Amino acid sequence: MSLLQSAVSTPSTVSSSPSLSCAAAHPIVASCSVSSTSNSFLLRSSSLKTVTSISSSRNNKRKGVIGKVRSSLETAGATVGQVTEVTKDTFWPIVNAAEDKTVVLDMYTQWCGPCKVIAPKYQELSEKYLDVVFLKLDCNQENKPLAKELGIRVVPTFKILKHNKIVKEVTGAKIDDLVAAIETVRSS
(Lines give C-alpha, C1' and ligand atoms only; values in the text may rest on other atoms or scores of the structure.)
Protein backbone atom coordinates (compact mmCIF):
# COMPACT_ATOMS: atom_id res chain seq x y z
CA MET A 1 0.00 0.00 0.00
CA SER A 2 1.42 3.37 -0.94
CA LEU A 3 1.95 6.17 1.52
CA LEU A 4 -0.88 8.26 0.09
CA GLN A 5 -3.22 5.26 0.07
CA SER A 6 -2.61 4.62 3.75
CA ALA A 7 -3.32 8.27 4.48
CA VAL A 8 -6.51 8.77 2.52
CA SER A 9 -7.49 5.40 1.04
CA THR A 10 -7.36 6.49 -2.58
CA PRO A 11 -5.93 4.59 -5.53
CA SER A 12 -3.08 7.09 -6.01
CA THR A 13 0.51 5.90 -5.72
CA VAL A 14 3.65 7.53 -4.41
CA SER A 15 6.99 6.88 -6.12
CA SER A 16 10.49 7.47 -4.83
CA SER A 17 11.09 10.67 -6.80
CA PRO A 18 12.65 13.62 -4.94
CA SER A 19 9.37 15.53 -4.96
CA LEU A 20 5.91 14.64 -6.14
CA SER A 21 2.59 16.38 -6.57
CA CYS A 22 -0.61 14.57 -7.30
CA ALA A 23 -4.37 15.03 -7.31
CA ALA A 24 -6.38 12.64 -5.16
CA ALA A 25 -9.93 11.46 -5.79
CA HIS A 26 -10.93 11.88 -2.16
CA PRO A 27 -13.63 14.31 -0.96
CA ILE A 28 -11.45 15.68 1.82
CA VAL A 29 -8.05 15.75 0.15
CA ALA A 30 -7.73 17.53 -3.16
CA SER A 31 -3.97 17.45 -3.57
CA CYS A 32 -0.80 16.40 -1.90
CA SER A 33 2.85 17.19 -2.18
CA VAL A 34 5.75 15.05 -1.10
CA SER A 35 9.21 16.34 -0.43
CA SER A 36 12.07 13.90 0.04
CA THR A 37 14.20 16.48 1.80
CA SER A 38 11.82 17.02 4.71
CA ASN A 39 10.30 13.52 4.49
CA SER A 40 6.86 14.94 5.25
CA PHE A 41 3.61 14.93 3.39
CA LEU A 42 1.23 17.85 3.08
CA LEU A 43 -2.44 17.16 2.42
CA ARG A 44 -4.61 20.07 1.39
CA SER A 45 -8.37 20.07 1.76
CA SER A 46 -10.34 21.53 -1.11
CA SER A 47 -13.20 22.47 1.17
CA LEU A 48 -11.66 25.23 3.30
CA LYS A 49 -8.05 24.94 2.27
CA THR A 50 -7.40 23.16 5.53
CA VAL A 51 -3.87 21.87 5.63
CA THR A 52 -2.90 18.78 7.57
CA SER A 53 0.75 17.84 7.78
CA ILE A 54 1.60 14.19 8.17
CA SER A 55 5.14 12.99 8.77
CA SER A 56 6.58 9.60 7.98
CA SER A 57 9.21 7.95 10.09
CA ARG A 58 12.57 7.13 8.47
CA ASN A 59 12.88 4.09 10.71
CA ASN A 60 9.38 2.80 9.99
CA LYS A 61 9.88 -0.34 7.89
CA ARG A 62 6.30 -0.24 6.64
CA LYS A 63 6.76 3.33 5.47
CA GLY A 64 3.35 4.11 6.88
CA VAL A 65 2.03 7.44 7.92
CA ILE A 66 1.99 8.72 11.46
CA GLY A 67 -1.12 10.83 11.98
CA LYS A 68 -4.74 11.04 10.97
CA VAL A 69 -6.37 13.05 8.23
CA ARG A 70 -9.17 15.11 9.76
CA SER A 71 -12.06 16.72 7.95
CA SER A 72 -12.31 20.49 7.85
CA LEU A 73 -15.38 20.28 10.10
CA GLU A 74 -13.37 18.43 12.78
CA THR A 75 -10.55 20.91 12.35
CA ALA A 76 -13.00 23.76 12.96
CA GLY A 77 -14.07 22.14 16.22
CA ALA A 78 -17.41 20.41 15.59
CA THR A 79 -18.15 16.71 15.88
CA VAL A 80 -21.03 15.09 14.04
CA GLY A 81 -23.22 13.03 16.37
CA GLN A 82 -23.04 15.41 19.29
CA VAL A 83 -23.94 18.99 20.18
CA THR A 84 -21.04 21.43 19.97
CA GLU A 85 -21.00 24.59 22.10
CA VAL A 86 -20.02 27.63 20.02
CA THR A 87 -19.12 31.23 20.75
CA LYS A 88 -19.19 34.40 18.70
CA ASP A 89 -15.66 33.51 17.55
CA THR A 90 -16.19 29.84 16.65
CA PHE A 91 -19.67 29.87 15.13
CA TRP A 92 -18.96 31.10 11.59
CA PRO A 93 -15.79 29.01 11.07
CA ILE A 94 -17.77 25.88 11.95
CA VAL A 95 -20.67 26.88 9.70
CA ASN A 96 -18.24 27.54 6.85
CA ALA A 97 -16.56 24.18 7.41
CA ALA A 98 -19.93 22.41 7.28
CA GLU A 99 -20.17 23.36 3.58
CA ASP A 100 -23.37 21.74 2.24
CA LYS A 101 -24.36 20.03 5.50
CA THR A 102 -27.40 21.26 7.38
CA VAL A 103 -26.47 23.18 10.54
CA VAL A 104 -28.87 23.59 13.47
CA LEU A 105 -28.09 26.22 16.11
CA ASP A 106 -29.81 26.17 19.51
CA MET A 107 -29.73 29.69 20.95
CA TYR A 108 -30.37 29.48 24.71
CA THR A 109 -29.63 31.08 28.08
CA GLN A 110 -28.57 29.50 31.37
CA TRP A 111 -31.64 30.81 33.21
CA CYS A 112 -34.26 29.67 30.64
CA GLY A 113 -36.51 26.83 31.88
CA PRO A 114 -37.78 25.71 28.45
CA CYS A 115 -34.16 25.72 27.20
CA LYS A 116 -33.22 23.25 29.93
CA VAL A 117 -36.24 21.05 29.13
CA ILE A 118 -35.48 20.75 25.40
CA ALA A 119 -31.69 20.31 25.77
CA PRO A 120 -31.77 16.48 26.21
CA LYS A 121 -34.15 16.13 23.24
CA TYR A 122 -31.83 18.30 21.16
CA GLN A 123 -28.93 16.01 22.14
CA GLU A 124 -30.98 12.98 20.99
CA LEU A 125 -31.56 14.67 17.61
CA SER A 126 -27.79 15.14 17.21
CA GLU A 127 -27.32 11.41 17.71
CA LYS A 128 -30.12 10.56 15.27
CA TYR A 129 -29.23 12.87 12.36
CA LEU A 130 -25.57 12.12 11.68
CA ASP A 131 -25.60 14.20 8.48
CA VAL A 132 -26.53 17.37 10.40
CA VAL A 133 -24.24 19.58 12.50
CA PHE A 134 -25.81 20.52 15.86
CA LEU A 135 -24.53 23.62 17.63
CA LYS A 136 -25.61 25.58 20.70
CA LEU A 137 -24.92 29.19 21.63
CA ASP A 138 -25.31 30.63 25.11
CA CYS A 139 -26.81 34.07 24.50
CA ASN A 140 -24.84 35.64 27.33
CA GLN A 141 -23.16 39.05 27.37
CA GLU A 142 -20.01 37.68 25.70
CA ASN A 143 -21.95 36.23 22.73
CA LYS A 144 -24.42 39.14 22.48
CA PRO A 145 -22.95 40.47 19.21
CA LEU A 146 -23.56 37.14 17.43
CA ALA A 147 -27.02 36.74 18.98
CA LYS A 148 -27.91 40.22 17.74
CA GLU A 149 -26.47 39.47 14.28
CA LEU A 150 -28.62 36.32 14.07
CA GLY A 151 -31.74 38.22 15.14
CA ILE A 152 -32.49 36.52 18.47
CA ARG A 153 -35.72 37.72 20.10
CA VAL A 154 -36.73 34.84 22.39
CA VAL A 155 -35.08 31.75 23.81
CA PRO A 156 -34.90 29.02 22.88
CA THR A 157 -34.61 29.85 19.20
CA PHE A 158 -33.34 27.32 16.68
CA LYS A 159 -31.73 28.61 13.49
CA ILE A 160 -31.29 26.13 10.64
CA LEU A 161 -28.61 27.00 8.12
CA LYS A 162 -27.66 25.59 4.76
CA HIS A 163 -24.78 26.93 2.64
CA ASN A 164 -24.00 29.61 5.26
CA LYS A 165 -27.53 31.05 5.14
CA ILE A 166 -30.37 30.87 7.64
CA VAL A 167 -33.19 29.00 5.89
CA LYS A 168 -35.53 28.14 8.80
CA GLU A 169 -36.23 29.30 12.33
CA VAL A 170 -38.14 27.65 15.15
CA THR A 171 -38.89 29.67 18.29
CA GLY A 172 -39.82 28.07 21.58
CA ALA A 173 -39.28 24.56 22.93
CA LYS A 174 -41.29 22.90 20.15
CA ILE A 175 -39.47 19.66 19.36
CA ASP A 176 -41.99 18.52 16.72
CA ASP A 177 -41.64 21.82 14.83
CA LEU A 178 -37.87 21.54 15.05
CA VAL A 179 -37.85 17.98 13.69
CA ALA A 180 -40.16 19.02 10.82
CA ALA A 181 -37.91 21.98 9.97
CA ILE A 182 -34.77 19.79 10.02
CA GLU A 183 -36.44 17.22 7.77
CA THR A 184 -37.51 19.92 5.31
CA VAL A 185 -34.04 21.46 5.07
CA ARG A 186 -32.28 18.07 4.84
CA SER A 187 -34.45 17.01 1.91
CA SER A 188 -33.97 20.27 -0.02
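**Strands, cysteines and cut-offs**

Reply: Strand 7 (residues 102–108) and strand 9 (residues 157–162) pair in the antiparallel sense over five bridges. This is a predicted model, in which local features need pLDDT of at least 70, side-chain atom pairs count only at pLDDT 80 or more, and totals for chains, interfaces and linings use all residues. Residues are numbered from 1 along each chain as its sequence is written, and side-chain values use heavy atoms, leaving out hydrogens and water.

Me: What makes strand 7 and strand 9 a pair?

Reply: Two strands pair if DSSP finds at least two bridges between them; strands are DSSP runs of E, at least two residues long, numbered from the N terminus. Strand 7 and strand 9 have five bridges, so they pair. Methionine 107 stands opposite threonine 157 in strand 9.

Me: Why is the disulfide of cysteine 112 and cysteine 115 called right-handed?

Reply: The torsion about its S-S bond is about 80°, and therefore the disulfide is right-handed. A disulfide is a pair of cysteine sulfur atoms within 2.5 Å, and the S to S distance here is 2.5 Å.

Me: Why is cysteine 112 called buried?

Reply: Buried means under 20% relative accessible area, exposed over 50%, partly exposed in between (1.4 Å probe, protein chains only). Cysteine 112 has 4% relative accessibility, so it counts as buried. Cysteine 115, at 5%, is buried, and cysteine 139, at 18%, counts as buried.

How values were computed:
Helices (H or I, at least four residues) and strands (E, at least two) are DSSP runs, numbered from the N terminus.
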